[in-house]
Amino acid sequence: MDKYNIVPTISTFFIVLSAVLVAVGWRLAIKRRLAEHQKVMFYAAVSATIFFIVYVSRSIFVGNTIWGGPDSLKPYYFVFLLFHIVLATVGGAFGITTLTLGYKKKFAKHRKWGKITSVVWFITAITGTAVYVLLYLMYPGGHTKPVIDAIFG
């Protein structure tokens, strides 16, 4: 595995880990094990934050990967990628809102937001993993210029 593949593998691991932790946390909340729920959800948020830091750092310093698959699939991939990006952005905003409501002890709103946020996050993790599989396993592509080089290069 080269430097272009190891970092996306690490970031994908953290987003999947965050989704697994959200699922565990959701289950703990249903069982009314709320202290454990809070701890697990905290670690889910930490895992998602690590993903975000790794992803943004890679974009800035290494660059992103361009589509390497057949041109006939490119429009479908871009629509799928756009769906994933929008969902991830919404999921991130919802996640911050849900965590804030929980820490402010506004539990009725936290429960309502949490149900939606969790589903959005699961779909985000699944579509993000699919993007990883498409870009690094099925159709390895080329790499673009790092943002830092584009700005200061």
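This is a short walk through one protein chain, from its overall fold to a few single residues. Keep in mind that the model is predicted.

Start with the overall picture. The protein chain has five helices and zero strands. Read along the sequence, the pattern is α-α-α-α-α. The C-alpha atoms fill a box of roughly 50 × 35 × 25 Å along the principal axes. There are 153 residues in the chain, and buried residues make up 32% of them. The accessible surface comes to about 9,500 Å². Carbon and sulfur atoms account for 73% of that surface.

How about contacts along the sequence? Take those between residues at least 6 apart. Of these, 73% join residues at least 24 apart.

Now the inside. Which residues make up the largest nonpolar core? There are eleven: Ile 15, Ala 19, Leu 21, Val 22, Leu 28, Val 40, Met 41, Ala 44, Ala 48, Trp 121 and Ala 125. Three helices each supply at least two residues of this core: H1 (3-30), H2 (34-61) and H4 (107-138). H1 gives the most, with five residues.

Look at Leu 28, one of the residues in that core. Leave out residues up to four places away in sequence. Leu 28 then touches Arg 33, Glu 36, His 37 and Val 40.

Is Thr 12 buried or exposed? Its relative accessibility is 13%, so Thr 12 counts as buried; the cut-off for buried is under 20%. Again setting aside residues up to four places away in sequence, Thr 12 touches Thr 129 and Tyr 132. The side chain of Thr 12 also reaches the backbone oxygen of Pro 8, at 2.8 Å.

Now to the outside. Phe 42, Tyr 43, Val 46, Ile 50 and Tyr 103 form a nonpolar patch on the surface. Together these residues have about 470 Å² of accessible area. Where does the largest share of the patch come from? H2 provides it, with four residues.

Take Ile 50 as an example. Ile 50 is found in helix H2. Why does Ile 50 count as partly exposed? Because its relative accessibility is 32%, and partly exposed runs between the 20% limit for buried and the 50% limit for exposed.

Definitions and conventions. Residues numbered from 1 in each chain as written. Predicted model: local features only at pLDDT ≥ 70, side-chain atom pairs only at ≥ 80, totals over all residues. Heavy atoms only, no water. Core = buried A, V, L, I, M, F, W, Y, C linked by side-chain atoms within 4.5 Å. Buried < 20%, exposed > 50% of the residue type's maximum accessible area, 1.4 Å probe, protein only. Contact = heavy atoms within 4.5 Å. Patch = residues over 30% accessible without salt bridge, like charges linked within 9 Å, V, L, I, M, F, W, Y side chains within 5 Å. Areas by Shrake-Rupley, 256 points an atom, 1.4 Å probe, with all protein chains shown as cover. Salt bridge = Lys/Arg side-chain N within 4 Å of Asp/Glu carboxyl O. Polar contact = N/O pair within 3.5 Å; in protein donor to acceptor, adjacent residues only side chain to side chain.
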